[in-house]
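Hi,

Here is the structure I promised to pass on.

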Amino acid sequence: MYEGFEVIDFHAHFPTDRPWFPDMGDTMQRYTEQRQRRRGCALIQQKSQPYQEQWRRMWDFPKAEGKEQHPGDREQARRWVAELDKYGIRAIGFVTGGGNEHLAEVVQLAPRPLYRLCPSQPLSCPTRWNGWSVPSRSWGCAPISCWPPTSRSRLNIPTAFPVWEKCAELGIPVLIHFGIQGGAGGIAWHENINPLKLHNVAKSFPEVTFVIPHFGCAWERETLQLCWACPNVSVDTSGSNQWIRWVPGEVTVKYLFRKYYETIGPEPHHLWQRF
């Protein structure tokens, strides 16, 4: 509790010892396969390593535990709860954690409830429309999340509309990660990378709350225009937001907060009532 406000961390990643992104679609799979086949892809990551190290030093983060040091999911869940209690955070939502089914098991391991944001492309989901999975009541009212720049499937095609219709029916908010993907050496361009790809969907489903993380992740102009046009679109401010160093102009996090405050406003959103 801060100044009378309850704080919720809406966007985090659970550090399981399994692959974090097993449900991320065909684009990520293609990049992974290319890295395995071609030394060039590995070389890109190697040359991008200074960015990763600079990010770690700037935030004074320790080096991540390797698989051999991983304490296990139960202990990892206990650590997260201890952090929430230490800093007065009421709840946290995990976007990734070894796949949708595994993450559902993980959040039950904690001494008190954690929450999950269900990936909308779980490989186990039997009901799919052109690559998009339709949420069911078994997911509860947890938000769903998806990464358009990792999939060929487009948001605004009619065959994907059952997804958004079900979200409207269940009152489920949707986190959609546009913009650059991954750490240094990641994805900087894709046919689905522009947040304005959501424009027609958000217009068609005004009762669904859409959240774009990281201020739009280097696509701030398009994200601001989308938020102006569609009042059911919000942003989260998570992450280091180091992408501000790789866009034109002297962009700062303070500037971003001001611009989004002026565009979206401070009014509370029904999204947070889900927790």
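A word on terms before the findings: buried means under 20% relative accessible area, exposed means over 50%, and partly exposed lies in between (1.4 Å probe, protein chains only). Please keep in mind that this is a predicted model, where local features need pLDDT of at least 70, side-chain atom pairs count only at pLDDT 80 or more, and totals for chains, interfaces and linings use all residues. Residues are numbered from 1 along each chain as its sequence is written, and side-chain values use heavy atoms, with hydrogens and water left out.

Salt bridges (a side-chain nitrogen of Lys or Arg within 4 Å of a carboxyl oxygen of Asp or Glu) number six in the whole structure. One of them links glutamate 169 to lysine 166, at 3.3 Å from N to O. Both residues sit in helix 5 (residues 161-170), three residues apart, or about one turn of the helix; helices here are DSSP runs of H or I, at least four residues long, numbered from the N terminus. Glutamate 169 is partly exposed at 48% relative accessibility, and lysine 166 is partly exposed at 25%.

Shared partners also join Glu75, Arg78 and Arg79 into one network. The closest N and O atoms are 2.7 Å apart for arginine 78 and glutamate 75, and 3.9 Å apart for arginine 79 and glutamate 75.

As for disulfides (cysteine sulfur pairs within 2.5 Å), the count is zero. For cysteine 146, the nearest cysteine sulfur belongs to cysteine 167, 8.7 Å away. Cysteine 146 is buried, at 1% relative accessibility.

Best wishes

Conventions: Helices (H or I, at least four residues) and strands (E, at least two) are DSSP runs, numbered from the N terminus.
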